[in-house]
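Dear colleague,

Please find below the sequence and structure that I am handing over to you.

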Amino acid sequence: MSKEKRLEGKVALVTGGARGIGKAICARLAAEGAKLAIVDILLDIAETAAAEFRTQDIEAAAFAADVSKAESAEAAVDAVMRKFGQIDLLINNAGITRDTLIMRMTEQDWDLVMAVNLKGTFNFTKAVCRPMMKARSGKIVNIASVVGRMGNPGQANYSASKAGVIALTKTTAKEFATRNIQVNAVAPGYILTDMTGKLSEAATDAFLSVIPMKRGGTPEDVANVVYFLCSDDSNYVTGQVINIDGGMLM
Ligand code: NDP
């Protein structure tokens, strides 16, 4: 007996979906039958990812957008609507780091990280909320971080942006609650991707020393929880933040 695909007929827009955690989320949602709108800052890497999914008989299309720019987000959402006619699931995943101690952090480091991580989440949430409200249905999952809940030296900009994402999640969950749109966040800890591959050995050891499970997570560990928050199993869950961190923050 073939396994029931629980997201059949749904369209998922994943920002930063061409690589890392975003790509793993695309794979997980597509495995449950979702069609993919892969949004990334560079069209060619988004298109490479989409083409890879299409070879697996998954309906996937690539769209270029800089999430930090409202016009770019609106244009991407319009293009996805023209292509698929609906957006059921929005995963605000695109994110960057510019780590350094606050004494050395430039205004540019601060502004860029806030613009991509926090304003980017606002831009796409705003752009999809009209079609989702019209459909009276939708799920938004924001990728925050445990450091947005606990702070982390060297990440003033990043941790503040992710704390902002958590507050934005709660506010939008309240604003959209009666429209049957659930908004939740996940807070990954130390996940093995290109982003964490750039960390020094000392920073990596510091993370591992505070993880009770003594290992980093995989992008698939994050994707599994995002899938739960996109499925009907979480229909009465909104405004929540789920840590995915091997027990780092309890
Ligand atoms: P990656 O750097 O591997 O992937 C991020 C993706 O987002 C890339 O494809 C990148 O494109 C894209 N992107 C960056 N800036 C923009 C932009 N302005 N507009 C559109 N797309 C953009 O990161 P991860 O997969 O590790 O991280 C994904 C999310 O998970 C982020 O929000 C991150 O903060 C969060 N997270 C990650 C953790 C980890 O341990 N890895 C822990 C906690 C949270 P390009 O590479 O071409 O710039």
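Helix α4 (residues 107-135) gives the most to the lining of the largest cavity, with five residues. Helices here are DSSP runs of H or I with at least four residues, and strands are runs of E with at least two, numbered from the N terminus. A cavity is a set of points, on a 1 Å grid over the protein atoms alone, where a 1.4 Å probe fits but cannot get out, and lining residues have an atom within 4 Å of a point.

Please note that this is a predicted model, in which local features need pLDDT of at least 70 and side-chain atom pairs count only at pLDDT 80 or more, while totals for chains, interfaces and linings use all residues. Residues are numbered from 1 along each chain as its sequence is written, and side-chain values use heavy atoms, with hydrogens and water left out.

The cavity

The structure holds one cavity of 30 Å³ or more, and the volume of the largest is about 30 Å³. A volume is the space filled by probe spheres set on the grid points, which are joined across faces, edges and corners. Among the residues lining this cavity are Thr15, Val67, Asn92, Val116 and Phe124. By class, its lining has four nonpolar, six polar and no charged residues; Ala, Val, Leu, Ile, Met, Phe, Trp, Tyr, Cys and Pro count as nonpolar, Asp, Glu, Lys and Arg as charged, and the others, Gly among them, as polar.

The ligand and the largest pocket

The ligand sits in the largest pocket. A pocket is an open set of grid points with protein on both sides within 12 Å along at least five of seven lines, and a molecule sits in one if more than half of its atoms lie within 2 Å of its grid points. About 950 Å³ of space lies in this pocket. Of its 42 lining residues, Asn93, Ala94, Gly95, Ile96 and Met195 are the closest to its centre. The lining divides into 22 nonpolar, twelve polar and eight charged residues.

Around the ligand there are 28 residues, of which Arg19, Asp40, Asn93, Tyr158 and Thr193 come nearest; a residue counts if one of its heavy atoms lies within 4 Å. This shell has 16 nonpolar, eight polar and four charged residues. A backbone N or O atom of Asn93 lies 2.7 Å from an oxygen atom of the ligand, and a side-chain N or O atom of Lys162 is 2.9 Å from a ligand oxygen atom.

The second largest pocket

The second largest pocket has a volume of about 220 Å³. Asn152, Pro153, Leu199, Ala203 and Phe207 are the closest to its centre among the 14 residues that line it. Helix α8 (residues 201-209) gives the most to this lining, with three residues. The lining of the second largest pocket comprises eight nonpolar, five polar and one charged.

Yours sincerely

Conventions. Polar contact = N/O pair within 3.5 Å; in protein donor to acceptor, adjacent residues only side chain to side chain.
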